[in-house]
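Please consider the structure shown below.

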Amino acid sequence: MRKLTMLSAILASTAMTMPAFADGHLRIVEEPLELTIQMNHARYPNYDENWPVEQAARAMTGIHLIDDTVGANMRTDENTGKTEALNLMLAAGVIPDIVGSSRLKDFVNQYGPEGAFYPLNDLIAEHAPNMAAYFAERPEIAAAISAADGNMYYIPYLPDGKYGRAYFIRYDWLDALGLPVPETVEEVEATLRAFKNDDPNGNGLADEVPYFARQWPELIRLVTLWDGRSSGSDTYHDFYVDEGQIQHPYAGEGYREGIKNLARWYAEGLIDVEVFTRGSSAREFLLSENLGGMTHDWFASTSGYNTSLADRIDGFAFKAFAPPASVSGVRMEEHRRIPIKPDGWAIGATNEHPIETIKYFDFWFTEEGRRLANFGVEGEQYTMVDGAPKFTEEFLTNGEPVNNQLYAIGSQLQARGYFQNYEYEKQWSNEFALEGIALYDEGDYLIDQFLGVAFNAEEQRVYDRYWSSIRDYMLERQQGWILGNGDVEADWDAYIETLNEMGLQDVLDVMNSAYARQYG
Ligand code: CA
């Protein structure tokens with residue numbers, strides 16, 4: 001640090017006479033060095049050397065990334081997390097210098113210890129001061145990404161900002177019916193019933209859809225109102241941590257109670273009858289047709305309807321409300337942004353420049369690199385205002401979604417290891433989203449998340465043998481109960497017995513042994 005300060009001082013004083021060195025403090029190599037990269041992500045099929053962000057990083061560091069992607073456009077299986085493109089790359093026998101991908105974590109934590117990727121701990125300690133400082137401040141993140149052998153094999157994409165989803169309701173419908181914002185699960189039920197029966201959209205038809213969801217697990221999320229859980233992380237159906245022990249939400253008593261009541265709500269017409277099949281267009285359709293009453297969805301995009309539908313639906317107000325109190329009085333927002341994703345990048349074992357590469361990874365954790373990763377190129381997408389990056393008015397108002405514009409220039413790439421800056425999103429979040437986030441901030445409703453475990457080979461075998469069929473069975477029964485095929489209370493003991501016969505306890509045992517090793 002001290003060296004850097006002295007160097008900066010020297011450079012500043014000699015800047016007039018040595019302009020070539022004036023902003024060379026991020027330079028890693030004197031002569032340009034080319035490193036190959038495999039990059040897989042649904043939003044960008046490979047690494048584009050023409051991205052303005054890549055060009056800027058080249059100018060600053062001297063490192064040139066050269067696309068060498070195998071299996072571009074191959075999708076990751078969201079259920080198994082298996083990354084076909086990465087398997088293809090491995091089968092081809094050549095691992096590029098850098099491998100960046102969504103769902104990289106399990107892959108590198110399996111093949112890293114077998115020698116396919118560099119362990120990063122020593123490289124970071126010796127050559128990457130910015131990342132070392134980050135991990136020193138957040139040891140839980142270092143623990144969460146480490147493999148069973150204790151080493152880190154990838155640098156993750158680290159999201160910033162806490163809030164993801166919230167409860168939304170039609171405030172104008174509440175006003176029309178003279179109802180308050182519901183504060184408890186009982187009041188939510190009464191409100192949904194009023195939405196169904198009392199014609200809040202005023203067209204004389206009982207056409208309202210009281211609760212709807214773009215993703216059907218957001219119906220299951222409501223079991224939290226009966227003190228159940230639906231997931232321990234931002235991935236649906238995930239395990240959760242209960243007083244230091246890993247459990248699965250779909251084997252708990254609060255879940256049973258929640259499913260029992262949600263089945264009742266469904267039978268009474270308080271839930272969208274098409275909740276399992278309507279899919280991702282549910283929100284767009286039910287809001288724009290003035291039919292949908294309540295959901296649980298993302299702050300920013302859901303708040304956006306207050307602007308986009310203002311002209312079409314008189315008085316339209318679909319705004320966030322605080323998580324209703326559960327039967328025991330707990331107000332919980334189960335969903336939040338996870339602080340660490342399984343996406344990011346790693347160093348292939350045949351890379352002949354591991355030190356330069358880890359320095360390059362570290363560049364993205366410097367102030368300038370982080371700005372480049374988050375905001376794009378200065379003077380193009382943003383300018384510096386009072387010492388902070390601010391997107392230009394032209395960039396924010398040209399009609400294209402901000403995210404898509406940033407991906408298109410090589411910024412905000414989740415297959416790059418970097419630390420997101422929430423400020424980038426705040427600058428284009430609408431007033432309704434910011435108002436809702438302030439409401440959630442006040443109440444402190446978020447809970448800690450399960451950040452995942454890294455199995456050793458034997459644990460992995462047990463998990464692979466049992467888990468996917470257990471999960472399928474859980475989801476099949478879950479949907480059946482909601483739709484009225486069977487009664488959760490009558491079926492419960494047999495259900496738990498079947499889960500145990502299928503190996504649930506074995507899976508929980510390996511989850512817990514891995515968890516204790518990793519976080520203990
Ligand atoms: Ca109506």
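Leaving aside neighbours within four places in sequence, with which residues is leucine 219 in contact? In this predicted model, leucine 219 is in contact (heavy atoms within 4.5 Å) with Tyr211, Ala213, Leu262, Ile271, Val275, Phe276 and Ile482. Residues are numbered from 1 along each chain as its sequence is written. Local features need pLDDT of at least 70 and side-chain atom pairs count only at pLDDT 80 or more, while totals for chains, interfaces and linings use all residues; side-chain values use heavy atoms, with hydrogens and water left out.

Leu219 also belongs, with Trp265 and Tyr495, to the residues with the most contacts inside the largest nonpolar core, which has 73 residues. Such a core is a set of buried Ala, Val, Leu, Ile, Met, Phe, Trp, Tyr and Cys residues joined through side-chain atoms within 4.5 Å. Helix H21, residues 457-483, gives the most to this core, namely eight residues. A second, separate core has 71 residues, among them Ala128, Tyr134, Trp345 and Tyr424.

Asparagine 203 counts as partly exposed because its relative accessibility is 38%, between the limits for buried (under 20% relative accessible area) and exposed (over 50%), with a 1.4 Å probe and protein chains only. Aspartate 207, at 23%, is likewise partly exposed.

Most residues other than glycine have a negative phi. Glutamate 243, however, has a positive phi of about 50 degrees; this residue lies in the loop between strand S7 (240-242) and strand S8 (245-247) and is exposed at 82%. Aspartate 386 has a positive phi near 50 degrees, lies between strand S12 (382-385) and strand S13 (388-391), and is exposed at 79%.

Overall, the chain has 23 helices and 13 strands, taken as DSSP runs (H or I, at least four residues; E, at least two) numbered from the N terminus. Buried residues make up 52% of the 520 residues. The C-alpha atoms fill a box of roughly 80 × 55 × 40 Å along the principal axes.
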